[in-house]
Amino acid sequence: MNIIKVSANSRTAAVAGAIAGVMREHRFAEVQSIGAGAVNQAIKAVILAKGYLVNDGIDIICVPEFVDVDIEGKVRTAIKLTIMPRGEDTAPEKEVSEEMAPEEESAGEEDSKEETPEEEVE
């Protein structure tokens, strides 16, 4: 799952568009920011995204939490905003079965296990 990284210089409309796009596609998004300015931009973007998504019938909620992130060998505390539709309490689980035999795994297995890169919106 992509983590949308927000800086103090990120444009709120661009971040909001990224949030709305990820929500439409995956029905779950994570936004990460470090510092007061970045958190401010992230919160404003969530508010804008809520407005964008109301036209699609998606009412979102935001659950904040502290997370430790490693940046260039230093551990920093970030704020992670987990965004999901109202009424859906948990993040989607990975659709990978651990009981699959190796030959079944390679035959027709879709990209469900592939990691997607993190996005930084400015």
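**The residue after α1**

α1 is followed by Arg27, whose phi is positive, near 60 degrees. The model is predicted, so local features need pLDDT of at least 70 and side-chain atom pairs count only at pLDDT 80 or more, while totals for chains, interfaces and linings use all residues. Residues are numbered from 1 along each chain as its sequence is written, and side-chain values use heavy atoms, with hydrogens and water left out.

Task: State where Arg27 is found and whether Arg27 counts as buried, partly exposed or exposed.

Solution. Start with the location: Arg27 is in the loop between α1 and β2. The helices (H or I, at least four residues) and strands (E, at least two) are DSSP runs, numbered from the N terminus. Next comes accessibility: buried means under 20% relative accessible area, exposed over 50%, and partly exposed in between (1.4 Å probe, protein chains only). Arg27 has 37% relative accessibility and therefore counts as partly exposed. Most residues other than glycine have a negative phi.

Task: Find where Glu72, another non-glycine residue with a positive phi, is placed, and give its exposure class.

Solution. The phi of Glu72 is about 50 degrees. Glu72 sits in the loop between β3 and β4. Its relative accessibility is 80%, so Glu72 counts as exposed.

**The chain as a whole**

Task: Count the helices and strands and give their order along the sequence.

Solution. The chain has three helices and five strands. Read along the sequence, they follow the pattern β-α-β-α-β-β-α-β. Of the 122 residues, 32% count as buried. For contacts, meaning heavy atoms within 4.5 Å, take pairs of residues at least 6 apart in sequence: 68% of these join residues at least 24 apart.

Task: Work out which residues of α2 are buried, and what they pack against.

Solution. The buried residues are Ala38, Gln41, Ala42, Ala45, Val46, Ala49 and Leu53. They cover an arc of only 145 degrees around the axis, which puts them on the same side of α2; the arc is that of the directions from the helix axis to the C-beta atoms. On the other side of α2, Ala36, Ile47 and Val54 are exposed. The buried residues of α2 pack against β1, α1 (12-26), β2, β3 and β4 (74-85). In α1, the buried residues include Thr12, Val15 and Met23.

**The end of β4**

Task: Describe the surroundings of Pro85 and Arg86.

Solution. Pro85 is in strand β4 and, at 3% relative accessibility, counts as buried. Leaving aside neighbours within four places in sequence, Pro85 is in contact with Met23, Arg27, Ile58, Asp59, Ile60 and Ile61. Pro85 and Ala29 are 56 residues apart in sequence, yet 9.8 Å apart in space, C-alpha to C-alpha.

Arg86 lies in the loop between β4 and α3 (102-106); at 52% relative accessibility, Arg86 counts as exposed. Not counting residues up to four places away in sequence, Arg86 touches Lys50, Asp59, Ile60 and Ile61.

**A pocket**

Task: Give the volume of the second largest pocket and describe its lining.

Solution. On a 1 Å grid over the protein atoms alone, a cavity is a set of points where a 1.4 Å probe fits but cannot get out, and a pocket is an open set with protein on both sides within 12 Å along at least five of seven lines; lining residues have an atom within 4 Å of a point. Grid points are joined across faces, edges and corners, and a volume is the space filled by probe spheres set on the points.

The volume of the second largest pocket is about 190 Å³. Its lining has 10 residues, of which Lys5, Val6, Gln32, Ile34 and Ile71 lie nearest the centre. The elements giving two or more residues to this lining are β1 (3-6), β2 (29-33) and β3 (60-71). β3 gives the most, with three residues. By class, the lining has four nonpolar, three polar and three charged residues. Here Ala, Val, Leu, Ile, Met, Phe, Trp, Tyr, Cys and Pro count as nonpolar, Asp, Glu, Lys and Arg as charged, and the others, Gly among them, as polar.

Gln32, in strand β2, is buried, with a relative accessible area of 13%.
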